[in-house]
Amino acid sequence: MTDQPEALRVADLMAQRVKPRVIHATGQTQQSAGFKPDRECIAAALLLREQHAEIERLSAAKARRDGATLFADGFEGAFIGIGIQFTREVAIYDYDDCVKILMDRDGMDEEDAIEFLEFNVTGAYVGPHTPVFLMSWARNDIDQAKRIIALGEDE
């Protein structure tokens, strides 16, 4: 596959224990010297491939049913699953993982990654099947929110 993400191409190579080729600026290729993936590396590669296959399977199954679920390109590593919103199914992503992806993949600092995500991704309404981005709360934040809600109910 020529259109598969670079990480999956490398994962496939590692899982097959094939030495990846280094492509030089001149266009020449050469085998990487001394490339021997360890068990953890191979396991991670297989897990990445399985996760990508599961996302593709879910995407294809959903497209066959109604073709409406939208997925956020480039955030496959933050994909959590499918949720129900009223009668529609929507893709769910972990917000913090999306920020990490932008920082790692695009070299953004945390502030720039959050700003980009808020403006270009979570702030973009693309119809009733717009993906959902789940923000995790720390346990103390949840407890504090419950206390605030309880105080409001007493009034």
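Ala 78 counts as buried, at 1% relative accessibility. In this predicted model, Ala 78 sits in the loop that joins helix H2 (39-65) to strand E3. Leaving aside residues up to four places away in sequence, Ala 78 touches Ile 92, Tyr 93, Asp 94, Asp 97, Cys 98 and Ile 101. The C-alpha atoms of Ala 78 and Tyr 95 are separated by 7.5 Å, although the two residues are 17 residues apart along the chain.

**The chain as a whole**

The chain contains 5 helices and 5 strands. Along the sequence these elements follow the pattern α-β-β-α-β-β-α-α-β-α. Of its 155 residues, 27% count as buried. Among contacts with a separation of 6 or more, 43% come from residues 24 or more positions apart.

**The sheet E3-E4-E5**

An open sheet is built from 3 strands in the order E3-E4-E5, and its pairing is mixed. Strand E3 (79-85) and strand E5 (132-134) each have a single partner strand and stand at the edges, so one side of each is left without a neighbour in the sheet. On average, and with direction ignored, neighbouring strands of this sheet are turned by 35 degrees against each other. Strands of a sheet pair through backbone hydrogen bonds, either parallel or antiparallel.

E3 and strand E4 (residues 88-94) pair in the antiparallel sense, over 6 bridges. Within this pairing, Gly 81 stands opposite Ile 92 in E4. Ile 92 is also one of the residues touched by Ala 78.

The loop between E3 and E4 holds Phe 86. Most residues other than glycine have a negative phi. Phe 86, by contrast, has a positive phi near 60 degrees. Phe 86 counts as exposed, with a relative accessibility of 71%.

**Helix H3**

Helix H3 (residues 95-106) lies across E4 and E5 and runs at about 55 degrees to E4. At 1.5 Å a residue, its 12 residues should span 16 Å, and this agrees with the 16 Å between its end C-alpha atoms. The buried residues of H3 are Tyr 95, Cys 98, Val 99, Ile 101 and Leu 102. Viewed down the axis of H3, these residues fall within an arc of 155 degrees, so they line one face of the helix. An α-helix has 3.6 residues a turn, so residues three or four places apart point the same way. The buried residues of H3 pack against E4, helix H4 (110-122) and E5. Two of the buried residues of H3, Cys 98 and Ile 101, are among those that Ala 78 touches.

Asp 94 caps the N-terminal end of H3 through a side-chain oxygen placed 2.9 Å from the backbone nitrogen of Asp 96. After H3 comes Gly 107, which has a positive phi near 70 degrees.

H4 spans only 16 Å between its end C-alpha atoms, whereas a straight helix of 13 residues would span 18 Å at 1.5 Å a residue. Ala 113, Leu 117 and Val 121 are buried in H4, and the buried residues of H4 pack against H3 and E5.

Thr 130 is located in the loop between H4 and E5. With a relative accessible area of 14%, Thr 130 is buried. Apart from residues up to four places away in sequence, Thr 130 touches Leu 70, Val 90, Ala 124 and Tyr 125. Polar atoms of the Thr 130 side chain lie 2.9 Å from the backbone nitrogen of Val 126 and 2.6 Å from the backbone oxygen of Gly 127.

| Side chain | Backbone atom | Distance |
|---|---|---|
| Asp 94, oxygen | Asp 96, nitrogen | 2.9 Å |
| Thr 130, polar atom | Val 126, nitrogen | 2.9 Å |
| Thr 130, polar atom | Gly 127, oxygen | 2.6 Å |

Key: Residues are numbered from 1 along each chain as its sequence is written. This is a predicted model: local features need pLDDT of at least 70, side-chain atom pairs count only at pLDDT 80 or more; totals for chains, interfaces and linings use all residues. Side-chain values use heavy atoms; hydrogens and water are left out. Two strands pair if DSSP finds at least two bridges between them. Helices (H or I, at least four residues) and strands (E, at least two) are DSSP runs, numbered from the N terminus. Axes are lines fitted to C-alpha atoms, for helices over the stretch in contact, and angles run from 0 to 180 degrees between N-to-C directions. Contact means heavy atoms within 4.5 Å. The expected span of a helix is 1.5 Å times one less than its number of residues. Buried means under 20% relative accessible area, exposed over 50%, partly exposed in between (1.4 Å probe, protein chains only). The arc is that of the directions from the helix axis to the C-beta atoms. A polar contact is a pair of N or O atoms within 3.5 Å; within protein, one must be able to donate a hydrogen and the other to accept it, and residues adjacent in sequence count only if both atoms are side-chain atoms.
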